[in-house]
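Okay, thanks everyone, let's get going. Have the model open on your screens, and I'll talk you through a few places in it.

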Amino acid sequence: MTTRQRHHVPDEIHTNGAAINPWWANAVVYQIYPRSFQDSNNDGYGDLNGITSRLGYLAELGIDAIWLSPVYRSPQDDNGYDIADYRDIDPMFGTLADMDTLIAKAHEYGIKIVMDLVVNHTSDEHAWFQASRRKDPEFNDWYWWRPAREGSIPGTPGAEPNLWGGTFGGSAWQYDEERGEYYLHTFSKKQPDLNWENPAVRHAVYDMMNWWLDRGIDGFRMDVITLISKRIDHNGKLPGESHSLIADEAPGEEGYSSPWPFSMDGPRLDEFLKEMRHEVFEGRDAYLTVGEGQGISPRRNEHITDPANSELDMLFLFDHVGVDQGDVKWDMEALELPKLKRAMIEQQEAVASRGWASLYFNNHDQPRALSRWGDTSTPELRIKSAKALGLLLHMHKGTPYVYQGEELGMTNAGFTSLDQYQDLESINAFHQRVDEAQVQSADSMLESLAKVSRDNSRTPMQWDDSRYGGFTSTQSLKAPWLPVNDNKASINANEELQDSDSVFAFYRQLIELRHTSDLIAAGSFEALDIDDEHVYAFKRSLGNDSALVVINTSSHTVPLPEQTYLILASGLDPQKVLLSNESVEILNKEVAGGELAPWSAFVYEI
């Protein structure tokens with residue numbers, strides 16, 4: 001393992017409640033989606049050697065760790081989140097030797113490697129599942145197997161053990177003819193859920209995790225980890241099964257009930273996470289554990305991430321990225337800024353004394369925040385709003401996560417037809433909602449996909465303005481697996497690295513400010529002007545030091561809200577502007593006039 005040689009938050013300054021502040025208390029993590037980052041062998045897919053070749057770029061950006069989306073051997077039904085062998089690399093990405101090289105080279109740059117870990121489920125091609133479907137005594141109950149519903153014919157519609165729907169469409173149960181039973185798959189039918197009630201399953205997972213840590217990685221991002229404990233009655237039956245003592249939820253508009261109320265933050269989650277901490281991480285140092293936290297409230301986040309409880313270091317919560325959605329993901333609404341504020345405030349206040357927050361707007365499952373909440377109507381507004389959204393997020397307390405291309409101001413894909421998409425969730429949702437349930441029109445669903453499909457964030461990284469954006473060679477006979485965005489000519493790393501006023505340059509400043517300012521890394525949080533519909537403002541304080549963070553999140557000039565105006569009433573001292581997305585001279589004129597220009601954003605020492 002390695003630790004970047006930079007400022008460490010002094011232990012006498014409180015961060016997450018630990019006696020010794022962790023390295024990630026003032027760190028920034030960069031997420032790489034490997035198949036879309038850099039293709040080194042011209043096959044149309046990004047790979048490990050491609051990532052290694054770009055480590056210098058990441059070092060220049062200043063990030064401290066890479067979160068690497070799955071590169072394990074996989075049939076790629078869900079782009080690698082269906083793992084067939086946890087101890088091997090998929091040939092698409094390279095070899096174990098390539099992985100070892102990436103780890104070693106990253107450490108030379110002072111960059112840590114955090115691997116994505118998917119252990120709520122495996123691929124149906126994993127050896128564990130293959131043995132379980134054969135009823136091998138050792139693996140018989142490693143998955144959630146159930147007989148057909150009483151009085152029904154196995155494998156026919158309505159014979160499923162309960163009415164649960166899968167996240168990617170259809171039933172959450174798949175009939176297996178070889179075994180003669182159904183297995184539970186919360187996601188794709190090729191992603192059977194592991195039965196964490198079985199101690200043998202858990203210890204096999206822990207052994208694998210130790211194997212990777214011994215190999216030199218620095219931690220894990222744990223995919224849907226808060227789903228590993230399912231709610232069962234004292235007879236081991238799931239809700240809605242025949243003779244279960246737990247009633248199921250009512251089915252929704254697509255004809256299925258939701259497994260989420262009985263899977264998220266289940267009754268044994270704390271127990272399992274504590275056991276994992278003991279079996280895998282006890283005695284190790286300088287690692288990072290971050291979980292994907294479906295169903296976790298900010299208060300539960302405080303408990304799980306409190307060092308005294310020995311569970312996880314941090315969690316990705318979902319409430320703030322759902323504030324512009326209706327009952328389902330595809331029902332998009334205009335953002336009401338106070339809703340976003342309240343979600344972020346609740347997260348910040350929950351970890352005010354203990355625990356920690358993950359800070360993100362973007363990742364491989366979310367659309368580009370710039371297209372979602374910013375303004376891409378002109379180049380000037382795109383750049384300014386990209387910086388504003390970055391400043392808004394990074395000035396909160398917690399660990400910021402930058403998703404590849406976010407630091408360039410990359411935008412949504414701009415797809416207009418279903419055949420352009422490759423995302424399993426998007427394609428299945430279209431067919432289920434439009435063709436089967438008929439609850440949404442084709443045009444409406446295409447509009448929804450254009451806004452929130454996961455493919456929006458998965459288009460290849462834009463390195464330059466060449467034919468394939470520098471992702472793969474212009475001479476390659478294979479096009480990238482997903483088309484490069486047409487705006488690569490104006491949005492690319494090569495151009496931005498040469499521009500001191502680019503989005504990339506601004507993100508470098510954001511990261512450096514977190515590295516060097518204990519106030520930004522560890523200061524308390526106080527929200528201001530919560531009900532204002534355009535201005536997002538808050539204070540950070542540490543000892544005698546305070547900073548004011550102000551962002552106009554709209555594309556028009558707005559007045560400074562009351563609390564913010566009172567703090568700035570005497571005007572700006574240019575020497576106290578810690579960071580701004582416009583010149584101090586222009587900013588000073590705005591503040592003197594009691595207003596903010598479109599997407600104006602700054603941090604000011606008070």
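Helices (H or I, at least four residues) and strands (E, at least two) are DSSP runs, numbered from the N terminus. Strand 7 and strand 8 (residues 181–184) pair over four bridges, and Q174 has Y183 in strand 8 as its bridge partner.

Quick housekeeping. This is a predicted model, so local features need pLDDT of at least 70 and side-chain atom pairs count only at pLDDT 80 or more, while totals for chains, interfaces and linings use all residues. Residues are numbered from 1 along each chain as its sequence is written, and side-chain values use heavy atoms, with hydrogens and water left out.

Eight strands make an open, parallel sheet in the order 11-10-9-5-2-1-13-12. Its edge strands are strand 11 and strand 12 (358–359), each pairing on one side only. Strand 1 (residues 29–32) and strand 13 (residues 399–403) run parallel and are joined by three bridges, with Y30 opposite V402 in strand 13. Helix 5 (residues 199–215) lies across strand 5 (112–118) and strand 9 (219–223), at about 140° to strand 9. That angle is between N-to-C directions, on a scale of 0 to 180 degrees, with axes fitted to C-alpha atoms, for helices over the stretch in contact; contact is heavy atoms within 4.5 Å.

On to the aromatics. How many aromatic pairs does a search of the whole structure find? It's 31. One of them is W24 with W356, tilted, 5.8 Å centre to centre and 55° between the planes. W24 sits in the segment before strand 1 and W356 in the loop between helix 9 and strand 12, so this pair ties together parts 332 residues apart in sequence. The rule is that rings of Phe, Tyr and Trp (its six-membered ring) pair if their centres lie within 6.5 Å; planes under 30 degrees apart are stacked, over 60 edge-to-face, the rest tilted. W24 is buried at 3% relative accessible area, and W356 is buried at 1%. Buried means under 20% relative accessible area, exposed over 50%, partly exposed in between (1.4 Å probe, protein chains only).

Then W67 and Y401 pair edge-to-face, 6.2 Å centre to centre with 80° between the planes. They also link distant parts of the chain: W67 is in strand 2 (residues 65–68) and Y401 in strand 13, 334 residues apart. There's a cluster too, where ring pairs link Y72, Y86, W128, F139, W142, W211 and W212.

In helix 8 (residues 298–305), the buried residues are P298, R300, N301, I304 and T305. Why are they on the same side of helix 8? Because they cover an arc of only 150° around the axis, taken from the directions from the helix axis to the C-beta atoms. Helix 7 (269–281), strand 11 (314–316) and helix 9 (337–350) are among what covers them.

Last one: S448, in helix 13 (residues 442–452), is buried at 7% relative accessibility. Its side chain makes a polar contact with the side chain of Q440 (3.1 Å). A polar contact is a pair of N or O atoms within 3.5 Å; within protein, one must be able to donate a hydrogen and the other to accept it, and residues adjacent in sequence count only if both atoms are side-chain atoms.

Notes:
Two strands pair if DSSP finds at least two bridges between them.
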